[in-house]
Amino acid sequence: MRRRLLLFFVPVTVGAVALLTATSGVTGAVAPTRGKPPKSTTTTTRPSATTTTSTTTTSTTTTSTTTTTTTRPPTSGRAQNGSLGTCTVFPADNAWNRDVSTLPVDTNSANYLSAIAGLGGNQALHPDFGGGGAYGIPYITVPGTQPLVPINFNAYGDESDPGPYPIPLAAPIEGGSDAHVLAVDRDRCKLYELFAASAGTTSWTAASGAVFDLRSNALRPEGWTSADAAGLPIFPGLVRYDEVTAGHIDHALRFTVSRTQRAYLHPATHWASSSTDPNLPPMGLRFRLKANFDLSAYTGHARVVLTALKKYGMIVADNGSNWFITGAADTRWHDVDLGQLKRVPGSAFEVVNTGESLHK
């Protein structure tokens, strides 16, 4: 993972999700490495850290830790897994919303797949969410009146959007070393994301942070990271419960592989590797479930996810366990249903040529 941990792995089964327990002797304020290793690997690397502190000081309000999983528009305050109101997640022609079902297969597709297979570890699709809400990345929606909170960056401040952010100090934090925090201002249609975040008394401390206008196709500056290693927004690539229950997901998903190359394709803007192996996937590479993959044996939520992967595909966003797709943390997920996804082998995918140039 991306901060220093002493890990003791004990597999426990909850539904179809394997739980890992860990003990740590450090806090979220320790600067992590950019780009996490596989979840079965322990790392002790420490990056050189610089500190950048937001220069705007705004009074803050600490709110209750109680959250809700409703998708109905809240009348006020924050809501976990809340409605986006009238906001769309980027314009219809944004890369995340692009139908890639008819794009040509990348000429290096077979080599990319072979390289991932050669990495060992997990070699089948895996839902990295569920477990009664214990897994996945949480997000909240907040009103335009949400008080702003200062952000102190302790690692990648020079590539972060300065604070303050409208993220309440009681916002849920992703479990594990990545400690992502996501908030959508549902009135201004702005997305705020933090990586390796911890809440203090009056401010947040994080390794990096990014702000995205959900009404714009603007990318991060070239070479910049975000709250994700690839410089991508995280929220648009999550599998969200409200979408699945509606019967369709209309965007690409976020996923990880254990090693990437020192390169990226738009919409990614950042790499997190020193390897120049041209067969390792670069950040931003887009995979698609093959059109001839038979979905007749899959039902429920898994069928919805796989249908989306045929049409929109999934984008390499970070270094992590192979073929792990990310969803929102939500108590309503059905692990047995999601467990069907684990029957899909990595060989069922292909890389598509999106027409983007490789940045090295």
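1. Two residues are in contact when heavy atoms of theirs lie within 4.5 Å. Keep that cut-off in mind for point 3. Note also that this is a predicted model.

2. Start with Thr 326. This residue sits in a loop, between strand β17 (324–325) and helix α4 (335–338). Is Thr 326 buried or exposed? Its relative accessibility is 4%. Buried means under 20%, so Thr 326 counts as buried.

3. What does Thr 326 touch, once residues up to four places away in sequence are set aside? The contacts are Phe 129, Ile 137, Gly 237, Leu 238, Val 239 and Arg 254. With Arg 254 there is also a polar contact: the two side chains are joined at 2.7 Å.

4. Now compare sequence with space. Thr 326 and Tyr 135 are 191 residues apart along the chain. Their C-alpha atoms are 9.1 Å apart in the model.

5. Turn to helix α1, residues 109–118. Its buried residues are Ser 109, Tyr 112, Leu 113, Ala 115 and Ile 116. Look down the helix axis: these buried residues fall within an arc of 160°, so they line one face of α1. On the other side, Ala 110 and Gly 118 are exposed.

6. Which strands does the buried face of α1 meet? The buried residues of α1 pack against β13 (253–257), β15 (286–289) and β18 (349–351).

7. Finally, check the residue Gly 120. It comes just after α1 and has a positive phi of about 75°.

Conventions. Residues numbered from 1 in each chain as written. Predicted model: local features only at pLDDT ≥ 70, side-chain atom pairs only at ≥ 80, totals over all residues. Heavy atoms only, no water. Helix = DSSP H or I, 4+ residues; strand = E, 2+ residues; numbered from the N terminus. Buried < 20%, exposed > 50% of the residue type's maximum accessible area, 1.4 Å probe, protein only. Polar contact = N/O pair within 3.5 Å; in protein donor to acceptor, adjacent residues only side chain to side chain. Arc of directions from axis to C-beta.
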